[in-house]
Amino acid sequence: MFIGRNQELTALNKLYQEDSFQFAVIYGRRRIGKTSLINQFLKGKRAIYFTGLEENALENLARFSDAIHAYEDPSYLDGPNFASFEQAFKYLVHLSEKNDRLILVIDEFPYLAKAIRQSVQCCNPTSTIILNRTNSFLSSAAAPCPSWKSRSLATRARFMAAELPSLS
């Protein structure tokens with residue numbers, strides 16, 4: 001059951017309706033509904049959904065590769081992994097150019113960033129410029145991270161950072 005996040009859901013859907021790259025960060029303390037909000041937002045939409053885990057970089061990269069391949073082919077079972085996160089994100093740019101709207105969700109982003117520091121390159125200005133030319137929607141759910149509110153990112157894409165307050 002989805003309760004009490006209609007304002008945040010409306011904000012996500014409003015960003016999704018924009019015809020340009022959008023980046024939404026949803027953060028807050030544990031167990032307050034960040035993932036539920038994202039799941040509600042994704043209803044009826046195709047998306048690449050990836051959850052960062054407390055495992056090494058190669059294991060995260062293998063699962064990220066699987067998530068991307070499964071987006072392309074829902075019957076996908078197993079196949080080659082991308083050689084790096086940079087290669088995976090470049091492929092996402094390719095996918096976004098041939099699809100109407102590409103949604104990428106990275107849940108538990110801090111686990112991914114901890115596993116491989118280079119993974120945060122997806123949010124650096126160079127990569128943001130590449131993604132800004134696409135019709136992509138990037139969402140991340142995690143604990144607060146000051147770099148997500150950086151001026152360079154905010155000037156390249158419409159940016160939403162929403163801290164979810166407790167419902168109690």
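Predicted model: local features only at pLDDT ≥ 70, side-chain atom pairs only at ≥ 80, totals over all residues.

Analyst: Residues are numbered from 1 along each chain as its sequence is written, and side-chain values use heavy atoms, with hydrogens and water left out.

User: How many aromatic pairs are there?
Analyst: Rings of Phe, Tyr and Trp (its six-membered ring) pair if their centres lie within 6.5 Å; planes under 30 degrees apart are stacked, over 60 edge-to-face, and the rest tilted. By that rule, the count is 5.

User: Which helices do tyrosine 16 and phenylalanine 41 tie together?
Analyst: Their rings pair edge-to-face, at 5.8 Å centre to centre and 80° between the planes. Helices here are DSSP runs (H or I, at least four residues), numbered from the N terminus. The two residues are 25 apart in sequence, so the pair links H1 (residues 6-17) and H2 (residues 34-42).

User: Which residues of H2 are buried, and what arc do they cover?
Analyst: Buried means under 20% relative accessible area (1.4 Å probe, protein chains only). In H2 that goes for Lys34, Leu37, Ile38, Phe41 and Leu42. They sit on the same side of H2, because their arc around the axis, taken from the directions to the C-beta atoms, is only 130°.

User: What is the relative accessible area of phenylalanine 41?
Analyst: Phenylalanine 41 counts as buried. Its value is 2%.

How values were computed:
Buried < 20%, exposed > 50% of the residue type's maximum accessible area, 1.4 Å probe, protein only.
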